[in-house]
Amino acid sequence: KTQPLKTAPTEEIDLSDTEDEPIDILDSLVRNPLPSDTILFGIPFVAPYNSMSLCKYRVKLTPGATKKGKACKTILDLFTRDKNALLQEKNVFKSLKDVDTTVNIPGKVKISAPNLHGHGK
């Protein structure tokens with residue numbers, strides 16, 4: 001028999017910038033930025049490939065022989081050379097640090113993506 005989870009009383013936390021305008025950080029994240037959007041930063045993440053079907057930039061990672069540092073450089077190079085990439089997006093790709101991009105990749109991988117070999121490894 002499972003016991004109900006007891007929680008301590010919580011305090012109300014004010015997440016507003018001003019009294020009229022709440023901060024909705026998650027609502028400000030987009031998968032497909034428009035040319036009119038101002039891109040402040042990029043968040044590299046790893047997720048099941050099927051769940052990323054609406055993302056503009058995605059690659060499929062499977063277990064393989066490529067070290068994660070080299071894989072990240074290849075992926076960022078692929079994204080940077082994309083003919084549909086906006087200048088703001090290319091600048092974000094160039095500004096990402098190796099530590100930020102490799103932290104979520106589990107070990108050695110194989111990269112699968114459209115036009116991967118067309119851009120060169």
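Contact here means heavy atoms within 4.5 Å. On that basis, residues 24 or more positions apart account for 71% of the contacts in the protein chain with a separation of 6 or more. The model is a predicted one.

Now the layout. The protein chain has three helices and two strands. Along the sequence they follow the pattern β-α-α-α-β. Strand β1 covers 60-66, and β2 covers residues 109-112. The two strands run antiparallel, and five bridges join them.

Next comes helix α1, residues 68-80. The helix has 13 residues and reaches 18 Å from its first C-alpha to its last. That is close to the 18 Å expected at 1.5 Å a residue. Which residues of α1 are buried? They are Ala 71, Cys 72, Thr 74, Ile 75, Leu 76, Leu 78, Phe 79 and Thr 80. An α-helix has 3.6 residues a turn, so residues three or four places apart point the same way. Ala 71, Thr 74, Ile 75, Leu 78 and Phe 79 are among the buried residues of α1. What do the buried residues of α1 pack against? Their partners are β1, α2 (87-95), α3 (98-102) and β2.

Is Thr 102 buried or exposed? Buried means under 20% relative accessible area. Thr 102 has 16% relative accessibility, so it counts as buried. Leaving aside neighbours within four places in sequence, Thr 102 is in contact with Lys 68, Gly 69 and Cys 72. Cys 72 is itself one of the buried residues of α1.

Buried residues make up 20% of the 121 residues in the protein chain. The accessible surface of the chain comes to about 10000 Å². Carbon and sulfur atoms hold 54% of that area.

One nonpolar surface patch covers about 700 Å². Leu 26, Leu 29, Leu 40, Phe 41, Ile 43 and Phe 45 make this patch. Take Leu 26 as an example. Leu 26 is found in the segment before β1. Exposed means over 50% relative accessible area. At 69% relative accessibility, Leu 26 therefore counts as exposed.

Terms used:
Residues numbered from 1 in each chain as written. Predicted model: local features only at pLDDT ≥ 70, side-chain atom pairs only at ≥ 80, totals over all residues. Heavy atoms only, no water. Patch = residues over 30% accessible without salt bridge, like charges linked within 9 Å, V, L, I, M, F, W, Y side chains within 5 Å. Areas by Shrake-Rupley, 256 points an atom, 1.4 Å probe, with all protein chains shown as cover. Salt bridge = Lys/Arg side-chain N within 4 Å of Asp/Glu carboxyl O. Helix = DSSP H or I, 4+ residues; strand = E, 2+ residues; numbered from the N terminus. Buried < 20%, exposed > 50% of the residue type's maximum accessible area, 1.4 Å probe, protein only. Pairing = 2+ DSSP bridges. Expected span 1.5 Å × (residues − 1).
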